4 protein chains.
Amino acid sequence: MHQLVVTLDCPDRPGIVHAISGGIVAARGNITELQQFSSPDTGHFFTRIEVQGADPAELETEIAAVASDLGARFRVDDATRPTRTLILASKAGHVVNDLLFRWRGGDLPIDVVGIMANHDVLAPMAEFYGVPFTHRVVTAESKADFEAEVRRAVGEQDVELVVLARYMQILSPELCAFLAGRAVNIHHSFLPGFKGANPYRQAHTRGVKLIGATAHFVTSDLDEGPIIEQNVVRVDHTMDVAKLVRKGQAQESQTLAEAVRLLAEHRVLADGDRTVIFR
Amino acid sequence: MHQLVVTLDCPDRPGIVHAISGGIVAARGNITELQQFSSPDTGHFFTRIEVQGADPAELETEIAAVASDLGARFRVDDATRPTRTLILASKAGHVVNDLLFRWRGGDLPIDVVGIMANHDVLAPMAEFYGVPFTHRVVTAESKADFEAEVRRAVGEQDVELVVLARYMQILSPELCAFLAGRAVNIHHSFLPGFKGANPYRQAHTRGVKLIGATAHFVTSDLDEGPIIEQNVVRVDHTMDVAKLVRKGQAQESQTLAEAVRLLAEHRVLADGDRTVIFR
Amino acid sequence: MHQLVVTLDCPDRPGIVHAISGGIVAARGNITELQQFSSPDTGHFFTRIEVQGADPAELETEIAAVASDLGARFRVDDATRPTRTLILASKAGHVVNDLLFRWRGGDLPIDVVGIMANHDVLAPMAEFYGVPFTHRVVTAESKADFEAEVRRAVGEQDVELVVLARYMQILSPELCAFLAGRAVNIHHSFLPGFKGANPYRQAHTRGVKLIGATAHFVTSDLDEGPIIEQNVVRVDHTMDVAKLVRKGQAQESQTLAEAVRLLAEHRVLADGDRTVIFR
Amino acid sequence: MHQLVVTLDCPDRPGIVHAISGGIVAARGNITELQQFSSPDTGHFFTRIEVQGADPAELETEIAAVASDLGARFRVDDATRPTRTLILASKAGHVVNDLLFRWRGGDLPIDVVGIMANHDVLAPMAEFYGVPFTHRVVTAESKADFEAEVRRAVGEQDVELVVLARYMQILSPELCAFLAGRAVNIHHSFLPGFKGANPYRQAHTRGVKLIGATAHFVTSDLDEGPIIEQNVVRVDHTMDVAKLVRKGQAQESQTLAEAVRLLAEHRVLADGDRTVIFR
């Protein structure tokens, strides 16, 4: 039996849930989980609905008719179909290994179609997990070529989610626009925040007691896309910079994996610069 | 404008959300938040819906008609009306002070109508916060009288929530039944659990690294009612039993206050021995 | 029997622990807890030692002799004597109530000698807890007078710790210097950090998932003194700005109380812009 | 330059730190970190000291002389030498992968000399990480043979730490005694605890809000050895038993890795049924 996920957002007004649930009844579906949020800030309505028993095409037709009336964006996804995912990587293996192991262990509802990297050090890891791996040196000159390959891979392989797993290269505004709403990045986070180079050293100098990580949508505004997930861990004065880095990396792995899970389960909707997360 | 909360549960079947939202549309309400859960274990449907713009009586009439068709239990509450709350206490002030301060600070949507205690040590605290305080010694002989007073207070003052704030007396099965679904208790919790007297000493002897607290509905099965909220805190070998107790008490205060908030916001529904919490 | 706490720091070199422990043996003390840290960054040595059985004056004499050889700063405190504490407050009661309740409940080893405020709204709370309360309107003109009163209170009442419990006024550089190392402040913290007015609104706009609080030593560099303690709490898209503020305030109360406890137990030593915390 | 770690415990009395630090001075060592704890319950003294600059053999000789006077157990370890570690595994890969990846990433100061398993499913993982892997079916008849192999491996390969990474077999009392103080196990933990089969199902039935994991020393008293580390994670009513299991497994991986790190850094000392952890 199909387990379908409807996500929909539109300007708020009375009667939306009644209209959508009418479409679901018409498609002979049963709602097993429904979450809804109306943003008082933007006057926008968001919902995520899990539906059993309906035929996917029939449900899509019904929801499309309702969405047309509401001026809504919507998707109907099959919850049992893994999200097709492309990983962009560099040298750092911690987040990549975490993603691949969770995927292979059935903990992440994704299908990793490939890893594209600007270094070859992760080739053995990709081979172990049975994932196609391509790499090419990315320079100012070759960057456009690499990005063209990413776009081609996304198109040819029906990629739904691109994960920047410590990819470390700034994407061009064009690629950011192309991937809008379907690419996630991870970076370290601090209280208070630190500007400039080597934030772990600055955090050490200031003696912070917590360090963390933030997963967010990729936008052309570097490290400033809508936030999907954040975590912190406690640190203390005995830890040198190298240890802070290791602690931070563990947070990065865990936080990115959680963000990927939320995205792959269709739990993240954009509300301007914010995200609505239906956990 | 009214901000109403509909909570409803019934046997699951297709079309429930459509039926309820139809009632809300008929009462000219707008859904601002909706959460729904269908339990695969019990085949039961649960929902919590926040509605703006509808007249309370009109909404109640519409939902009652739908509920009758569905065989559903339901409530329509006014989210802006504080939950009328009676506190049962003994000598320990930590959880009582926490509740009263949060309430007076506007952090808990309750109205504390009184404190009933089996000791008088908390009388000055009650006076400071401006809460009627009654106490009487509770013995095997006078217990029935005290419980009769509790029942009378609940009836006369339209009490919706009874909070056992370290009350330390076992309620009679009759009073538990009378308060079913509207009384919350707090107790300490450990990993692993410890049977018998002085669990903090046992936890110290075993060198546990985490201690916690559990807030649960009051049932006649002592300390075993459906769980509403749990928290833990890290402890270590340097802490003596007295310090473990203090750490545990802080968890009790915080956990009970959170449970009271969830109850007062009508976010807790019973699913047999479990709770469905719409946060 | 006396329970004494020796805290000492000096330039690192071999033999320091042996020298100090020799002084303790000479004073017929027994070490019940010792923590030590040598900072690789500053080449500085820090220790905190709990000693039983020694006479305070005799121990002080012995440690002073050793400290003289080592070029060390040191203190010998009686762990059973509460730290004399002055609270500076304004209108906000949440952190003040938290401190007073924990103190009266025996959870904080302090003695609150008074509350000085620039508003009178907390007078009833101070009265309930039996704490002398003074207030005066603080304007640009009267600020110097108020600060002079603070200095006088610190001197006359042997105040060892000044707690800015959401005092909200910027202290003059002179008062900061006068209170150096013995005044603690609390402020909210965010990942990422936000500059400018109304950070909770900015945090809401950016949809952050964690908000927190930082307790730090007071320095003339506003909100930038050495960090003593930090905490965060999870927030989500359903929370409006008012709720973020309440969540943040609860973190402030808890974080400041923990910092005060660390200070009152003589567990915080300064290492330049950082702190060494012996928990 | 050697970075040495002295761990020592003995009956408490005045002058111990002075005596030990005298030995360190005699060996021309510099103390870079010292932690000490005297248990009021057992009257026992514990310390962990990091020493730079001393020759290992010379330090060992000096400490041995002091320890003889004190009636102390002690070890002198080289902090830069990884702890030789043997993993016992079964079919579950989550904790094994976590250990191997952290080890290969430089996050755990261990050297994994081999994996011994009662199933072959983890052979590819071992091969990927370059770890010798042996397996044999363990039945009532072959159990003694398998345990003899474990003892032989421990002896021949100078194994200092045996990690039961979801090994799932009960060790014989003889093997437990042989591995006393150098074998660590992991198991799930609940608040409240559940006796009997399928605790995740029981936890689901009771609707617990937290589940966790406990790492402890292996003793013949199953799942009851001295506790080294514990963690919990929040769960809710929407999670079915399978999801609770996955959440619990993530806690197991993280908790066991942290326990192994504490052990490999010589931070865990036994105090009867409790542990003293110098973090």
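**Note on the interfaces of a predicted multi-chain model**

1. Chain C against chain A, salt bridges. Between chain C and chain A the count is four salt bridges. A salt bridge here is a side-chain nitrogen of Lys or Arg within 4 Å of a carboxyl oxygen of Asp or Glu. One of the bridges between these chains joins the side chains of E224(C) and R206(A), at 3.3 Å, N to O.

2. Basis of the values. This is a predicted model, in which local features need pLDDT of at least 70 and side-chain atom pairs count only at pLDDT 80 or more, while totals for chains, interfaces and linings use all residues; side-chain values use heavy atoms, with hydrogens and water left out. Residues are numbered from 1 along each chain as its sequence is written, and chains are lettered from A and ligands numbered from 1 in the order in which they are written.

3. Chain C against chain A, extent. 34 residues of chain C are in contact (heavy atoms within 4.5 Å) with 34 residues of chain A. The buried area is about 3000 Å², and carbon and sulfur atoms give 51% of it. Buried area is the accessible area (1.4 Å probe) that two parts lose on being put together, summed over both.

4. Chain C against chain A, polar pairs and make-up. There are 21 residue pairs in polar contact between chain C and chain A, both residues at pLDDT 80 or more. A polar contact is a pair of N or O atoms within 3.5 Å; within protein, one must be able to donate a hydrogen and the other to accept it, and residues adjacent in sequence count only if both atoms are side-chain atoms. On the chain C side that touches chain A, β9 (183-190), α7 (199-206), β11 (227-234) and β13 (274-277) each give two or more residues. β11(C) gives the most, with seven residues. Helices (H or I, at least four residues) and strands (E, at least two) are DSSP runs, numbered from the N terminus. By class, that side of chain C has 13 nonpolar, 11 polar and 10 charged residues. Ala, Val, Leu, Ile, Met, Phe, Trp, Tyr, Cys and Pro count as nonpolar, Asp, Glu, Lys and Arg as charged, and the others, Gly among them, as polar.

5. S189(A). This residue is found in strand β9 (residues 183-190) of chain A. S189(A) is buried, with a relative accessible area of 6%. Buried means under 20% relative accessible area, exposed over 50%, partly exposed in between (1.4 Å probe, protein chains only). The side chains of S189(A) and T214(A) make a polar contact of 2.4 Å. Leaving out residues up to four places away in sequence, S189(A) touches I211(A), G212(A), A213(A), T214(A) and L191(C).

6. Chain C against chain B. 13 residues of chain C are in contact with 13 residues of chain B. About 1200 Å² is buried between these chains, with 56% from carbon and sulfur atoms. F101(C), F128(C) and R246(C) supply 39% of the area that chain C buries against chain B, more than any other three residues.

7. R246(B) forms a salt bridge with D107(C), the closest N and O atoms being 2.9 Å apart. α3 (94-104), α4 (123-128) and α8 (241-264) of chain C each supply at least two residues of the side that touches chain B. That side of chain C has five nonpolar, four polar and four charged residues.

8. Domains of chain A. The assignment gives domain 1 (3-78) and domain 2 (83-277); such bounds come from an automatic or database domain assignment. The C-alpha centres of domain 1 and domain 2 of chain A lie 30 Å apart. 18 residues of domain 1 are in contact with nine residues of domain 2. The two domains of chain A bury about 900 Å² between them, 51% of it on carbon and sulfur atoms. The rule finds four salt bridges across this domain interface. E50(A) forms a salt bridge with R267(A), with the closest N and O atoms 3.9 Å apart.

9. Backbone check. Most residues other than glycine have a negative phi. R28(C) has a positive phi of about 55 degrees although it is not a glycine. R28(C) sits in the loop between α1 (16-26) and β2 (30-39) of chain C, and is exposed, with a relative accessible area of 59%. R166(D) also has a positive phi of about 55 degrees. R166(D) lies in the loop between β8 (161-165) and α6 (173-178) of chain D, and is buried at 15% relative accessible area.
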